[in-house]
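Good morning, everyone. Have a look at it first.

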Amino acid sequence: MHTPTGPAMQAIRLTKTFRSRAAVADLSFSVRRGRITGLLGPNGSGKTTTLRMALGLTRPTSGSVRVLGRPYDEIAEPARHVGAVLDITGIHPARTARDHLRIAQLTAGVSPERVDEVLLAVDLSDAAGQKARTYSLGMRQRLALATALLGSPELLVLDEPANGLDPTGIRWLRDALRSYADSGATVVIASHVLAEMEQTVDDVVVIHGGRLVAAGDLQDVTLGAPLEDAYLGLLRSFEEARRAR
Ligand SMILES: Nc1ncnc2c1ncn2[C@@H]1O[C@H](COP(=O)(O)OP(=O)(O)OP(=O)(O)O)[C@@H](O)[C@H]1O
Ligand SMILES: [Mg+2]
């Protein structure tokens, strides 16, 4: 149903103002399909707000953001096309992982076998009968990712997914995202963990104060420098340019 070409996500002059403060300001970028794109920026730079607007959870003040070629609200059966992990606080503490996934599976309208498939994919099969309140932070992250994967979405949107994962979990997440992208899916991931992002992403979108700082192929943006150095350098130049205006 969706055109398989064109950006997987595209923001055009996207703006969100909370009271009189701009969280996202005149932000335009596009995300290439079949690639992993890192959305980078300091605390409060508008990453989560941008992703929430992309997922139809927050209405833009002006401008627009499309996913898979259309506004999120116009996607029929969105769980089959877009999977997201924005915050993991919504998991009911008294439910087991399997029950949580069964409810999500029914809501998404996908086959019941997907529950065990995604549990296996995130390495939670053995803990699937435990109540979520007994889960560690990393286990909750895995459960949230499993939920996002239920509909085998073409686009996966993750906000700080490595938060709480141990080194084994981080390696596993990186490999899982890579094979997911290799299968043709698109991943958008917001994170501060630059060393990790450097090893994971193909493209970056750097924002600051809700505005675009840089975007493109990782190598083109960093010019071969370590991502952390390039990122801090870009932010410094952006700040200086803003002060000079
Ligand atoms: N519901 C809201 N009401 C008022 N202000 C908000 C709301 N949500 C976000 N903001 C503000 O918008 C700005 C951007 O916040 P956002 O959460 O998008 O940043 P972020 O880049 O995701 O930060 P972090 O790296 O800390 O996750 C911040 O100044 C924040 O205080
Ligand atoms: Mg955030």
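Let's begin with a term. A pocket here is an open set of grid points with protein on both sides within 12 Å along at least five of seven lines. One caution: this is a predicted model.

How big is the volume of the largest pocket? It is about 690 Å³. The lining of this pocket has 25 residues. Closest to the centre are Gly83, Ala84, Val85, Thr147 and Ala148. Where does the lining come from? Strand S5, residues 82-85, supplies at least two residues. So do helix H2, 97-108, and helix H4, 137-149. Which of the elements gives the most to this lining? That is H2, with 5 residues. By class, the lining of the largest pocket divides into 17 nonpolar, 6 polar and 2 charged residues.

On to the second largest pocket. Its volume is about 240 Å³. S4 gives the most to this lining, with 4 residues. The lining residues include Gly63, Ser64, Val65 and Arg66. Also among them are Met53, Arg59, Tyr72 and Asp73. The classes here are 5 nonpolar, 4 polar and 3 charged.

S4 brings us to the sheet. In what order do the strands of this open sheet run? The order is S2-S1-S4, 3 strands, with antiparallel pairing.

Look at one pairing in detail. Strand S1 covers residues 9-18, and it pairs with S2 over 7 bridges, in the antiparallel sense. Find Gln10: opposite it, in S2, stands Ser30. Then there is helix H1, residues 47-54, which packs on the sheet. H1 touches S1, S2 and S4. The direction of H1 makes about 115° with that of S1.

Last stop: Thr222. This residue lies in helix H7, residues 218-222. Is Thr222 buried or exposed? Its relative accessible area is 6%. Buried means under 20%, so Thr222 counts as buried. What does Thr222 touch, leaving out residues up to four places away in sequence? The contacts are Leu227 and Ala230.

That's the tour. Thank you.

Conventions. Residues are numbered from 1 along each chain as its sequence is written. Chains are lettered from A and ligands numbered from 1 in the order in which they are written. This is a predicted model: local features need pLDDT of at least 70, side-chain atom pairs count only at pLDDT 80 or more; totals for chains, interfaces and linings use all residues. Side-chain values use heavy atoms; hydrogens and water are left out. Two strands pair if DSSP finds at least two bridges between them. Contact means heavy atoms within 4.5 Å. Axes are lines fitted to C-alpha atoms, for helices over the stretch in contact, and angles run from 0 to 180 degrees between N-to-C directions. On a 1 Å grid over the protein atoms alone, a cavity is a set of points where a 1.4 Å probe fits but cannot get out, and a pocket is an open set with protein on both sides within 12 Å along at least five of seven lines; lining residues have an atom within 4 Å of a point. Grid points are joined across faces, edges and corners, and a volume is the space filled by probe spheres set on the points. Ala, Val, Leu, Ile, Met, Phe, Trp, Tyr, Cys and Pro count as nonpolar, Asp, Glu, Lys and Arg as charged, and the others, Gly among them, as polar. Buried means under 20% relative accessible area, exposed over 50%, partly exposed in between (1.4 Å probe, protein chains only).
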